[in-house]
Structure formats: structure tokens, C-alpha cells
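Look through the model below with a viewer at hand. The report that follows goes from a helix to a sheet, then to the cores, the ring pairs and the confidence of the prediction.

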Amino acid sequence: MAQAKKAVAKTSRKQTTRSAVRSAVKIYQNYIGGKWVPSESGEMFEDLNPADNRDIIGRFPLSTSDDVNRAVNAAQEAFDRWRHTPAPRRAELLFRLGEILIANKDRFAADMTREMGKVLKETGGDVQEAIDCTYYTAGEGRRLHGFTTPAEMPDKFAMCVRQPVGLCGLITPWNFPMAIPSWKLIPALVCGNTVVLKPAEDTPLSTYNLVMACEEAGIPPGVVNLVTGYGETVGAAMTNHPALRLIAFTGSTETGRIVASACAERNAICSLEMGGKNAIIVMDDADIDLAIEGAVWGAFGTSGQRCTASSRLIVHKRVYKQFVSKLVEHVKTLRVGNGADPKTDVGPVINADAVEKIMGYIQIGRNEDGARLACGGKRLSRGDYAHGYFIEPTVFADATADMRIAQEEIFGPVTTVLPTNSLEDAISIANGVRYGLSAAIYTQNVNRAFRAMNELYTGIFYVNASTIGAEVHLPFGGTKATGNGHREAGTQVLDIFSEWKSIYVDFSGKLQRAQIDMIETL
Ligand code: ADP
């Protein structure tokens, strides 16, 4: 949702005294037409460390619709040359980009932990995902397969090729601030599009690092343009810009709806990746310790701020008591802290708004829903936690499917355990939410595993693994309120960033009318 972000402290021209005092803070710029430039507004916003909000990571341009116009013009100017550059040549630059990301992985991960909060292992994974995506998708430079097919007339050839969509607007969230931009950027580029990229206001640095790496890789000016700022201004200017043929968005379902409506108004292509309320089903024959490991990783990795987070645990009654007590025991051992500390298991949440929203849901779970708070539930605000956004890993138990905490996306370190009697009941609970991103089952029984695999209406499904952990060469996305039918990653992402052109070549030398002229058979 378009909320007031943590980076609300604007630095305007009027605040020069304050700026002078903080002169050590690095100033960043937009990247437009191959040049690093300030916003025409002259204003900046601050990128803060969610583990310690006294730590100002940098100041980024608080851009306006004029900056978006400039970026779109630059993308327009670069488009013809880029689309005429053979795809294998475009891909060579992307392979070089992959090498630069590898060389800088540790630095980029450290920057990401500082601005986003998740632990270093996970930010390393985020950068690695960008690397994997870059290498895998760059390989498409020598494929981008179309197809040939027989024509219905003699001496006629029929084939289908991919063509670039044109200028693409990419709007990305803060929870995977390098991986998600790369999922959109790399396929857009390999297909021959030029882009305007807007990172989330909470995490501009990681996307800036990605764009810097693009520049270093030699991607020509204007092909990739970066404009930082708020969703309501920069994001809205992009979604409404008539020259952006496609908007690829990842974020909340509420904002996605706004983006989709704006795109529908002007007939733009729109791909959406949005929320989730993902369930792990634990059957009575499951390896319980394995299921608990998966549940803890899925629920509390990235402090639960993943669209694929395991926010519902649907557990068979025969193993329910054992599961909940072992789960709680395990969750209580998780160390909450600064993600830069290698001993930390669970980092902070992203900002003050997130704390308010998550604590609000914890209140709802306790008071309105009446679920049992099995552990956690408190904000941590003393000592080392005093200047950050820390919440205890929280487990609600004995919940029912209709409760708000079992229906709504909390996007924080909170999971809800629901008892079930049977696989059929578990499947019905798992499907009984508005989202359809990911689901999992823990069972040793192949029939149950396949039944669940068939019946769960989600875009991703795991057997004996958590709801998180997608790999870049398989399509990623979800059903219902999670998406609008597109899939990122895999080769399927090419269907977002290219359009099919069907080509007929008639070499008969005469008029042949499809569906009208009857061809004689032998
Ligand atoms: P969250 O609530 O998790 O921050 P959002 O969906 O609000 O997620 O944000 C995802 C991305 O969408 C961010 O880059 C944000 O700036 C952008 N955004 C927010 N509001 C709008 C809007 N009205 N139009 C376009 N983009 C927006």
C-alpha cells in the first residue's frame, strides 16, 4: 500500500544548514540517459537503517513527474538502437553484468542488510538471485525461441517471432531490493526493451547498485534509467505515462489494483506480482522436525516479509500438540537483532508503519480473533533495539480459518497454526483465502502429496519443503489476488517482455485466400 515510508525526512533547499551538519551522508542521483543527475525538484529523501534509524545510509532524489518524463524520453531515444542490437550481443553485456554482481556480492549484501534489515545470509541470497537471474536469462540471448508451423496453403511459410514490447516501467518493492528488480530488468533487456526503473522508497541503494553495475557492464545510455522517489508521484507518473507500453509491478495487492486500473485506462500491458497468505499443511505422517524447520524458515526468514512467507500452518490433529510445542520451543531460540550481526536469526521489519501494522494484527489476533498467543507478540524497544523496528517472532495457535490473522497478509514475523482433521479439510482451508501464491505439504505419503499438489490453487507448490525458496529457472507467480495471470522468471517471463508476431511468407506467386480457397488433396 502507498504508505508514509520510513524515509520521510525530506531535505529541501531550505534545509541547507541541517544538510551541512550531515555532510558525511552520501548523496545519490537518478540515472537518466547514461548520466547521473539530481531530481529537478532539488529535493531528497533519506534511506535509513531499519535496525538503527539514526544511521542515514544516503540521500536519494525525491523525483517528480518531470524526472519520469526525462527518463521516458531517454528510454525512447535509446530504444531503436537497442532493439536492433542482435539479442546475443545484448546478452553479452548481461553476462558481463553477472560477473560484476559476483565480484561485488559481499558489498552489495552488506549495503542491503543496512538498508533493508534482513540478515547477511539472506541478502547474499538476494544478490545471488540477481546473479542467477542474469546468467539464466542472458542465455536467452541465443534462444528467444519462436516457432515455425505448417501453413494451410501450398508454397506458403508460417512462423512466429518475439518482438520487444517497447518502453517498460518497472516498479519494485523493498523486500527483495536487488532480486526483484533483476527479475524484471534482465528479461526486459534481453528482449530488446528499454526501461525506467523505480525502486521502493525504503531501499533505493540496492537497486542503485544494480544500475551502477549495468553502467559498468557497458549497457548503453538510455537503455536503463533509474528514478527514485515515492509511489504516489514517481510510480503514478510512470503508470500513467502514455509512452510506457508496459508496467511490471511487484508490491501490495492494494497498490497493484491502482496500477492495473491506470494501465487499463490507457491500454498498457500490466504484469502484477502481489500478496500471499501461504499455507504449509503438516500431515500426521510427516517428519515433524523437518516440518518445523521448514515452518520456522518460511515464517521468520526475512522477518516474515516475503510474499511467499509461511503465514499459516495447517496441522493434523494427531500431531498438533507435539508440533505446536516443538515449534514454540524452536521459535523462542531465534535471536532477534541487527541483520549485520552473524548471530542474528531475525532482523528488524522495514519501517515504523510496518511495526504499527504488524502490532495491529497481533492485537487483532489476541482480542478480536481470540486465537491463542503461543509465543512472542511484543515489540522490542529497549537497549540495542531502541532505535530499530524489532518485533518478537510470534506464533498464534488454535486459530480457525475465518480469523483475520488466518486470512489477511500480515507481512511480518507472525504465523498462525490451525488444526485440521483430514487432508480434504486442510486443502479447503489452504485454498480458502483471497491469495494463491505458494503452498506446501509435509507428508511421507505419495498419494497425499499428489492429491495436495493437484488441488492447491496456487502458482507454486512444495512437497516436504517450505513455501519459500523459488528458483530462477521456474516460473514465479500466483493465482487469485496474487497476480493477473503472468509469470516472472523461467522462460515464461519472456511472454511479459515480448510480444508475438505471426509472419506468413507466400512464395506461390499468386493470391491465396485463407479459409476461402479450397486446396485439393491428393
Ligand atoms: P508496500 O506496502 O509493501 O510498501 P507498495 O505496493 O506500496 O508495497 O509498494 C510497492 C512499489 O509500488 C513501491 O515502489 C512503491 O513506491 C510503489 N507505489 C506505491 N504507490 C504507488 C502508486 N499509487 N502508483 C504506482 N506505484 C506505487
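In helix α8 (residues 231-239), the buried residues are Val234, Gly235, Ala237, Met238 and Thr239. Buried means under 20% relative accessible area, exposed means over 50%, and partly exposed lies in between, with a 1.4 Å probe and protein chains only. Helices (H or I, at least four residues) and strands (E, at least two) are DSSP runs, numbered from the N terminus. The buried residues of α8 pack against α2 (65-84), β8, β9 (194-198), β11 (246-250) and α9 (253-265).

This is a predicted model, in which local features need pLDDT of at least 70 and side-chain atom pairs count only at pLDDT 80 or more, while totals for chains, interfaces and linings use all residues. Residues are numbered from 1 along each chain as its sequence is written, and side-chain values use heavy atoms, with hydrogens and water left out.

Strand β18 (residues 394-397) has Thr394 and Phe396 pointing one way and Val395 and Ala397 the other way, and all are buried. In a regular strand the side chains alternate between the two faces of the sheet. Two strands pair if DSSP finds at least two bridges between them. Strand β15 (residues 372-375) runs antiparallel to β18 and is joined to it by 3 bridges; here Leu373 has Phe396 as its bridge partner. Strand β19 (residues 414-420) runs parallel to β18, again with 3 bridges, and Val395 stands opposite Thr415 in β19.

A nonpolar core is a set of buried Ala, Val, Leu, Ile, Met, Phe, Trp, Tyr and Cys residues joined through side-chain atoms within 4.5 Å. The largest one has 132 residues, and Phe323, Leu327 and Phe497 have the most contacts inside it. Another core, of 24 residues, lies apart from it and includes Val68, Ala75, Leu244 and Cys270. Contact means heavy atoms within 4.5 Å. Leaving aside neighbours within four places in sequence, the contacts of Phe323 include Val282, Ile288, Leu313 and Val417.

Which aromatic pairs does the structure hold, and how many? The search of the whole structure finds 12. Rings of Phe, Tyr and Trp (its six-membered ring) pair if their centres lie within 6.5 Å; planes under 30 degrees apart count as stacked, over 60 as edge-to-face and the rest as tilted. Two of the pairs are set out here.

| Pair | Centres apart | Angle of planes | Kind |
|---|---|---|---|
| Phe95 and Tyr135 | 5.8 Å | 35° | tilted |
| Trp174 and Phe411 | 5.6 Å | 80° | edge-to-face |

Phe95 lies in helix α3 (residues 87-103) and Tyr135 in helix α5 (residues 120-138), so this pair ties together parts that are 40 residues apart in sequence. Phe95 is partly exposed at 32% relative accessibility, and Tyr135 is partly exposed at 28%. Trp174 and Phe411 are both buried. Ring pairs also link Tyr28, Tyr31, Trp36, Phe45, Phe60, Tyr208 and Tyr230 into a cluster.

The last topic is confidence. pLDDT is the predictor's confidence in each residue, from 0 to 100. The protein has a mean pLDDT of 95, and 95% of its residues reach 70 or more. Over residues 1-21 pLDDT stays under 50. Where pLDDT is low, the predicted coordinates should not be read in detail.
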